[in-house]
Amino acid sequence: MIIGVPKEIKNNENRVALTPAGTQELVKRGHTVYVQKTAGVGSGFHDEDYQKAGATLINDAAEIFSKAEMIMKVKEPIEQEYKLIKKDQLVFTYFHFASYEPLTKAMIASGATCLAYETVERNDGSLPLLIPMSEVAGRMSIQEGAKYLEKPLKGRGILLGGVPGVKPAKVLVLGGGVVGTNAAKIAAGMGADVTILDLNLTRLRYLDDVMPKNVHTMVSNEYTIRELIKDSDLIIGGVLVPGAKAPKLITRDMLKSMRPGTVLVDVAVDQGGCIETCQPTTHEDPTFIIDDVVHYCVANMPGAVPYTSTLALTNATLPYAIRLASQGWKKACHESLELRNGLNVINGDVVYKAVADAFSLPYTDVKKYL
């Protein structure tokens, strides 16, 4: 198969979809890999590294899209890339369709096969291609939240871990999944007083067993959220419904009961966000303030630590990419339920129900194509 790796062009997105090591694995199996020049530089991988691994370097993204049978990316295509995507081309990347209708409609119009990292799902409900970035974003949410709690950045002016004689900050984590667990782990390690909310009692029992004593677990409901936000200093939104819009757990009216300088970090923003007042921001301009509450809503948080993120992502995606390249997407998805779950749009049809439901679009059973 001919595989194309274009340079990411989203604001401050320094990750790349394939490492030189991944390139070598594909090339030695007989595949052709085209990499756009300087695509890996932001992650610490240079053009000569890709050449040594057997890739062909290409100057122009348009040429990559025109030649490749499978496009591997990190972030969803943005507007200037829509017209480059061809009918029957396989695009393997994060799409997060349910949060952005223009992208969904553009991919329907393209006739391409869109296989989304975030909906590749195992039998146990785990999301193997979302997990590594959720781990990075969960850990980063505390790093960024601690920074924006500083007074010069309009936060409350509180040190996350406190000091002897002074109480630590209170951190509220919405969701006990991968994001929430990693956020709680880092916040606890920094000495904060942490509370995790989740609906799943089995998950809460597990977290209660493995987390340190400064992490508390509670069942999530609106009453509890309204009570806890009154004295929380940092609130992390880490709730995900696979492939669908995140539920709004913090509403606009709740901001008025928070203390001035409280910081909200919505890690779910690329799936629509679980905080009603959150709108996607960039690393260039990451925060905004509503009702004296600081909102950090960067949609590609792991892009700020691209070396770690690229390695973590490609460790997870490469086995799937090899399978898709070696078998073709139809055979690979027919044989692998995990990959089949990743199919969102094929030849103008929406084949992932949560995406169809998000925009009241017709839903087509994926079996039509397999």
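1. A nonpolar core, as the term is used here, is a set of buried Ala, Val, Leu, Ile, Met, Phe, Trp, Tyr and Cys residues joined through side-chain atoms within 4.5 Å. Keep in mind as you read that this is a predicted model. With that in hand, look at the largest such core: it has 74 residues, and F92, V171 and L324 are the ones that touch the most other members. The top contributor is helix α10 (residues 306–327), which puts in eight residues. Apart from this core there's another one, made of 24 residues, including I58, Y82, V350 and V355.

2. Neighbours within four places in sequence aside, F92 is in contact with M70, I71, M72 and K73, then with L115, Y117 and L129, and finally with T317, Y320, A321 and L324.

3. Next, the sheet. Strands of a sheet pair through backbone hydrogen bonds, either parallel or antiparallel. Here eight strands make an open sheet with mixed pairing, and the order to trace is β3-β2-β1-β4-β5-β6-β14-β15. At the edges you'll find β3 (56–58) and β15 (349–350); each has a single partner strand, so one side of each has no neighbour in the sheet.

4. Now for the partners of β6. Strand β5 (residues 90–93) runs parallel to β6, and four bridges join the two; L90, for instance, has T113 as its bridge partner in β6. With strand β14 (residues 343–346) the pairing is antiparallel, over three bridges, and there L115 is partnered by L343.

5. How do you get from β5 to β6? Follow helix α5 (residues 101–110): together with β5 and β6 it makes a β-α-β unit, and that unit is right-handed.

6. Last, a pair of helices. Helix α6 (residues 131–148) packs against helix α7 (residues 178–189) at an angle of about 35°, and their axes are 7 Å apart. The crossing of α6 past α7 is right-handed. On the α6 side, the residues involved are I131, S134, E135, G138, R139, S141 and I142, and they meet V178, V179, N182, A183, K185, I186 and A187 of α7.

Definitions and conventions:
Residues are numbered from 1 along each chain as its sequence is written. This is a predicted model: local features need pLDDT of at least 70, side-chain atom pairs count only at pLDDT 80 or more; totals for chains, interfaces and linings use all residues. Side-chain values use heavy atoms; hydrogens and water are left out. Buried means under 20% relative accessible area, exposed over 50%, partly exposed in between (1.4 Å probe, protein chains only). Contact means heavy atoms within 4.5 Å. Two strands pair if DSSP finds at least two bridges between them. A crossover is right-handed if, with the strands pointing away from the viewer, the path from the first strand over the helix to the second runs clockwise. Axes are lines fitted to C-alpha atoms, for helices over the stretch in contact, and angles run from 0 to 180 degrees between N-to-C directions. A crossing is left-handed if the near helix is turned anticlockwise from the far one by less than a right angle, and right-handed if clockwise.
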